[in-house]
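Please take a look at the protein below. A short report on its fold follows.

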Amino acid sequence: MNDHPVLARIRLNPHSRDVQRDLRDATQMHRTVMRMVPDNLGDAPRQQTGLLYRLEETDTSSTLLVQAAQLDPARLPTGYGQADIKSLTPMFSALRKGLGVRYRIVLNPAKRERLPLQQKGKRGRIMPLSGPDADHWWLRRAAEAGLDLHVLTPTTMEPARPRGRDTPRMRHSLIRYDGTATVTDPTALTQAVLTGIGRGKPYGAGLLSLAPATTA
């Protein structure tokens, strides 16, 4: 068991019934991912270990990226997939102001509904954002996270649909952003990578991936 931030890349076995179930049910996927962190972490185990994940699917394969401070893929169901783990420490050490990076993140852009004055004291619904509103949301959150975006390419993803009697009956709209950026605040960026960005973290949103920008 590691005790520093790591990223596991798990190539999912399409023949596994556990995988097939999790790909249909965001609640089950969350439960399976949580099996990789230690037991007895209190009331908020995901936050305690900083667990974030993102599902990446192509026409031929599905890969699950899982990030946490303590992670043990051996606790996944038998035959779930093949996992490779790498430490995030070298990446954090390389971050510096002015560094060009490529990024990828799946987000659940949203804002809270404004209520009329006569409903003062009540909280409005969480409203999903799309199109330019979602782009502006990500631009703002990226700046707060220490990134100056140059390119942001949105891809609308399949919504996460939690199932089960004890889960809220709502779907979480997801948008993947890919692009390039310049690091403006390495400390803020490190924190954003460790804690994730936005809502929907239990359903595969918020994990920010970075790589050095390629130069011609």
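## Basis of the model

This is a predicted model, in which local features need pLDDT of at least 70 and side-chain atom pairs count only at pLDDT 80 or more, while totals for chains, interfaces and linings use all residues. Residues are numbered from 1 along each chain as its sequence is written, and side-chain values use heavy atoms, with hydrogens and water left out.

## Overview

The protein has 6 helices and 10 strands. Helices (H or I, at least four residues) and strands (E, at least two) are DSSP runs, numbered from the N terminus. The protein has 216 residues, and 42% of them count as buried. Buried means under 20% relative accessible area, exposed means over 50%, and partly exposed lies in between (1.4 Å probe, protein chains only).

The accessible surface comes to about 12500 Å². Carbon and sulfur atoms hold 48% of that surface. Such areas come from the Shrake-Rupley method with a 1.4 Å probe; for residues, only the protein chains shown count as cover. Contact means heavy atoms within 4.5 Å. Among contacts with a separation of 6 or more, 73% are between residues 24 or more positions apart.

Two strands pair if DSSP finds at least two bridges between them. β8 and β9 are joined antiparallel by 9 bridges.

## Helix α6

Which residues of α6 (residues 186-195) are buried? They are Leu189, Ala192 and Val193. These residues cover an arc of only 100 degrees around the axis, so they lie on the same side of α6. The arc is that of the directions from the helix axis to the C-beta atoms. The buried residues of α6 pack against β2 (52-57), β3 (62-68), α4 (89-94), β8 (147-156), β9 (175-183) and β10 (208-212).

Both ends of the helix have a detail to look at. At the start of α6, a side-chain oxygen of Asp185 comes to within 3.2 Å of the backbone nitrogen of Thr187. A polar contact is a pair of N or O atoms within 3.5 Å; within protein, one must be able to donate a hydrogen and the other to accept it, and residues adjacent in sequence count only if both atoms are side-chain atoms. After α6 comes Gly196, with a positive phi near 85 degrees.

## Leu210 in β10

Leu210 sits in strand β10. Its relative accessible area is 14%, so Leu210 is buried. Leu210 and Tyr103 are 107 residues apart in sequence, yet 4.6 Å apart in space, C-alpha to C-alpha. Beyond its neighbours within four places in sequence, Leu210 is in contact with residues including Met91, Leu95, Leu147 and Tyr103. Leu189 and Val193 are also among the contacts of Leu210, and both are buried residues of α6.

## Strand β3 and its partners

β3 pairs antiparallel with β2 over 6 bridges. The two strands form a hairpin with 4 residues between them. Bridge partners here include Glu57 with Ser62 of β3, and Glu56 with Thr63. Strand β1 (residues 6-12) also runs antiparallel to β3, again with 6 bridges. Leu7 stands opposite Gln67 in β3.

Why is β3 largely enclosed by the rest of the structure? It is because 7 of the 7 residues of β3 are buried. Ser62, Leu64, Val66 and Ala68 are on one side, and Thr63, Leu65 and Gln67 are on the other. Both faces are covered.

## Thr49 in α3

Thr49 lies in helix α3 (residues 45-49). Thr49 counts as buried, at 5% relative accessibility. A polar atom of the Thr49 side chain lies 3.2 Å from the backbone nitrogen of Gln70.
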